[in-house]
Amino acid sequence: METGKVDVLLGLQWGDEGKGKVVDVLTPRYDVVARFQGGPNAGHTLEFDGQKYVLRSIPSGIFQGGKVNIIGNGVVIAPDLFMEEAKDLEKSGHELKTRLRISKKAHLIMPTHRILDRAYEAAKGKDKVGTTGKGIGPTYTDKVSRNGLRVGDIIDCFEEKYAAHKERHLAMLKALDFNDFDISETEKKWMEGIEYMKQFPLVDSEHEIHNLLRSGKSILCEGAQGTMLDVDFGSYPFVTSSNTICAGACIGLGIGPNKIGDVYGIMKAYCTRVGAGPFPTELFDETGKSIRDLGHEYGAVTGRERRCGWIDLVALRYAIMINGVTKLIMMKSDVLDSFDTIKACVAYKQNGKVIDYFPYDIEHGIEPVYQEFKGWKTDMTKITNEIQFPKAFTDYIAFLERQLETPITIVSIGPDREQTIIRN
């Protein structure tokens, strides 16, 4: 029996590492691209042929004709936002209905989930997590408390199921004394989204994936957010509500761990974070502001300013360890092109003691220990081969590979599909 292969691609930092572009670059090597967790709080930006696209729920392999794209059971879907996103893609000439399949076991984000999101954040006051307000957390909460509404439910007696869930949410909002909302318009659009979703193949994705593997197909699993936002291993409680790490691909698609081959870990040449939560290498000075401006560090979905800082190798070593990363991909190297000095955090000082591992608590008493490098001071956006890299940059890559004990196989030097250097 012939069996295909499964590789996983995920972010190693706090999300926004540039996963969308990399999936698009890697997709030609695969037959199938499958999203395994997260929801429309993700924003994967792809640029090619002079066009810019932001994908929220749809896998980034959708632009490559003939590929199968699967939204897995670990994903949460907002039907209205899904419809908006899909119709935009169809308008720009990308045929979806034959390419995209949706797992019946994926959970639905209801309009009342978004209101609950707002209510919970308001109740937390100054301790708020800084969610995107898209209803992701409350949807995953319903899932684990066994109260969820799933894609498969839209096939039969849907109105009754929906009404029962809505009633329960309204009672919760009443108990929270949160009544500043009106969902009538959203609900109308949401129901249109439900009808629209019925036009797509709704599948038992675990069987689908198993059959594709049996017929020798290769699958790329696409994660959303980043490792440091994982609900178990991230900077809790300032995390997302799903498992963003490699193990999440097994759970979010129904794949046995022995099927996983390469794990591609994506990182930026520096660090960013959106929303609240600890960030050891954050810069509050002009350098941080320069990185934000040069890197256009604003959320693809929310437009929020991203917090910026130097690369954190302590957190990266930890992310590589728990994901079993085999190949590293470094994004946005070009953003640092003009800096005289580049810094990398190689250890933390915690309560006066130097540690090189990622501790339980990174919120209190953590001070980064930096190593400094001479900047390469070269515009790298036009480079087409690694032979053309300035020596200072080649030295920096070699240093990172030694520190992280993992090869950097791809270097991105700009947002376009073409600005990607595959290293030998």
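This is a short tour of a predicted model, one selection at a time.

**Stop 1: the domains**

Colour the protein chain by domain. Domain 1 is made of two stretches, 4–104 and 200–262. Domain 2 covers 108–196, and domain 3 covers 266–420. Now show domain 1 and domain 3 together. Their centres, taken over C-alpha atoms, are 24 Å apart. Domain 1 gives 38 residues to the contact and domain 3 gives 41.

**Stop 2**

The size of an interface is often given as the accessible area lost when the parts come together. Here the area buried between domain 1 and domain 3 is about 3100 Å². Carbon and sulfur atoms give 62% of that area.

Next, look for polar links. Between domain 1 and domain 3 there are 18 residue pairs in polar contact. Which elements give two or more residues to the domain 1 side? Select strand E1 (6–11), helix H1 (19–26), strand E3 (44–48) and strand E11 (260–268) to see them. H1 gives the largest share of that side, with six residues. The domain 1 side divides into 18 nonpolar, eleven polar and nine charged residues.

Two salt bridges cross the interface of domain 1 and domain 3.

**Stop 2: helix H4**

Move to helix H4, residues 136–144. Which of its residues are buried? Select Ile136, Pro138, Thr139, Tyr140 and Asp142. Their cover includes strand E6 (76–77), strand E8 (107–108), helix H3 (111–124) and helix H5 (158–175). Then step past the end of H4 to Arg146. Its phi is positive, near 60 degrees.

Arg168, at 27%, counts as partly exposed.

**Stop 4**

The whole structure holds 27 salt bridges. Pick Glu282 and Arg307. Their closest N and O atoms are 2.8 Å apart. Glu282 lies in the loop between strand E12 (271–273) and helix H9 (286–294), while Arg307 lies in strand E13 (residues 307–309), so the pair ties together parts 25 residues apart in sequence. Are these two residues buried or exposed? Both Glu282 and Arg307 are buried.

Now go to helix H11, residues 391–404. Asp395 and Lys391 form a salt bridge there, with the closest N and O atoms 2.7 Å apart. The two are four residues apart in the helix, so about one helical turn separates them. Asp395 is partly exposed, at 37% relative accessible area. Lys391 counts as exposed, at 62% relative accessibility.

**Stop 3: Phe158**

Select Phe158 in helix H5. Phe158 is buried, with a relative accessible area of 4%. What does Phe158 touch, not counting residues up to four places away in sequence? Show Leu108, Leu149, Asp153, Trp190, Met191 and Ile194. The C-alpha atoms of Phe158 and Ala276 are separated by 37 Å, and the two residues are 118 apart along the chain.

**Stop 6**

Most residues other than glycine have a negative phi, and most peptide bonds are trans.

- Cys157 has a positive phi, near 50 degrees. It lies in the loop between H4 and H5. Cys157 is partly exposed, at 43% relative accessibility.
- Gln225 has a positive phi of about 55 degrees. It is found in the loop between E10 and H8. Gln225 is buried, with a relative accessible area of 9%.
- The peptide bond from Tyr236 to Pro237 is cis, with omega near 5 degrees. Pro237 is in the loop between strand E10 (219–222) and helix H8 (247–253).

Note on methods. Residues numbered from 1 in each chain as written. Predicted model: local features only at pLDDT ≥ 70, side-chain atom pairs only at ≥ 80, totals over all residues. Heavy atoms only, no water. Domains from an automatic or database assignment. Contact = heavy atoms within 4.5 Å. Buried area = accessible area lost by both parts, 1.4 Å probe. Salt bridge = Lys/Arg side-chain N within 4 Å of Asp/Glu carboxyl O. Polar contact = N/O pair within 3.5 Å; in protein donor to acceptor, adjacent residues only side chain to side chain. Nonpolar A, V, L, I, M, F, W, Y, C, P; charged D, E, K, R; others polar. Buried < 20%, exposed > 50% of the residue type's maximum accessible area, 1.4 Å probe, protein only.
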